[in-house]
Structures are given as structure tokens and as C-alpha cells.
Amino acid sequence: MTHISKRKLKSGIGAKLDRNLSAFLSYGNSSRRAAVLKEFLTTTERIMLGKRLFILVLLKRGASVYEIEKLLGISPSTVARFNLKFEQGSFAGASKSVETLFLQKGLGKILRDLETLFSIPFKARKMSFRQLISEIENS
């Protein structure tokens with residue numbers, strides 16, 4: 001988990017920081033943004049963001065909360081919270097961006113890359129990552 005300072009910000013500063021971050025993320029080309037984010041974020045922070053994005057991918061593909069929890073090694077409450085927000089449409093922008101990214105880059109390639117990283121069994125019947133992805137893609 002990332003660390004957030006316990007010191008309170010002055011009124012309005014948080015909103016200003018959020019606006020500046022949004023402006024920064026919309027400026028320049030994607031390779032420049034990627035380089036800067038890699039310089040600013042720790043490996044742990046990048047993994048955390050990657051997991052959150054992949055939660056959306058798996059939810060869009062119909063994976064269950066249990067499958068996502070086991071695959072990504074995150075708490076059931078985190079997945080349930082994302083699932084609720086996803087069902088309420090709170091991730092409409094991110095969801096569209098993720099879908100566009102995977103259409104451009106090819107979901108199959110990304111899932112195959114992840115398959116090499118995860119070899120844990122799923123469900124009581126010991127479903128492998130490959131079987132889970134096949135099931136999700138075929139549904």
C-alpha cells in the first residue's frame with residue numbers, strides 16, 4: 001500500500017493538485033507521459049495501478065470477484081468495491097480507455113504475457129490461468 005502523509009493540506013490545495021495532475025496527464029504524447037510516470041512512481045505504485053486497471057479488464061470480460069481476487073492477489077473487499085463501482089458506471093472513462101488499449105495492443109497478447117507471470121490454480125476444480133482466460137474469452 002502506498003503511503004500518504006498524515007499532514008493535512010490547506011483548504012483547496014488537494015483539488016488544485018488534482019487539477020494539475022489531470023492537466024499533466026493530458027499534456028504531451030503517451031511515451032513522454034509513460035516515462036515521467038515511471039520516474040515518479042515506485043515499482044509498487046505502478047504494480048498497484050496495473051492491478052486496478054486489470055481488475056477492470058477482467059470485470060469487462062466477466063470474471064468473478066473470486067477469480068480476480070485469486071489472480072491478482074488482492075483482497076475480496078477491493079475487488080467487490082471495484083465491481084460495485086464498475087456496475088454503477090463509475091469507471092466509464094477508464095473502462096473505455098482500457099478497452100481501446102486492449103483493442104489496439106491485442107488483449108490476447110497481453111493475457112498470454114500475464115499467463116507466464118501467473119501459474120496459480122483457480123476455483124475448487126483447480127482451474128489454471130489459461131483455462132480461466134479461455135473461459136472468459138469464450139463467454
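Predicted model: local features only at pLDDT ≥ 70, side-chain atom pairs only at ≥ 80, totals over all residues.
A residue counts as buried when its relative accessible area is under 20%. The accessible surface of the chain comes to about 10,000 Å². Carbon and sulfur atoms account for 57% of that surface.

The elements run α-α-α-α-α-α-α-α. That makes eight helices and zero strands.

Start with α1, which covers residues 13-26. This helix has 14 residues. From first C-alpha to last, α1 reaches 20 Å, close to the 20 Å expected at 1.5 Å a residue. After α1 comes Gly-28. The phi of Gly-28 is positive, near 80°.

Next, look inside. In soluble globular proteins, nonpolar side chains tend to be buried together. The largest nonpolar core here has 15 residues. Which of them touch the most other members? They are Phe-54, Ile-55, Leu-58, Ile-68, Leu-72 and Ile-74. Three helices each supply at least two residues of this core: α3 (43-60), α4 (65-72) and α5 (76-88). Of the helices, α3 gives the most, with six residues.

Finally, step back to the whole chain. Consider contacts between residues at least 6 apart in sequence. Of these, 44% join residues at least 24 apart.

Conventions
Residues numbered from 1 in each chain as written. Heavy atoms only, no water. Helix = DSSP H or I, 4+ residues; strand = E, 2+ residues; numbered from the N terminus. Expected span 1.5 Å × (residues − 1). Core = buried A, V, L, I, M, F, W, Y, C linked by side-chain atoms within 4.5 Å. Buried < 20%, exposed > 50% of the residue type's maximum accessible area, 1.4 Å probe, protein only. Contact = heavy atoms within 4.5 Å. Areas by Shrake-Rupley, 256 points an atom, 1.4 Å probe, with all protein chains shown as cover.
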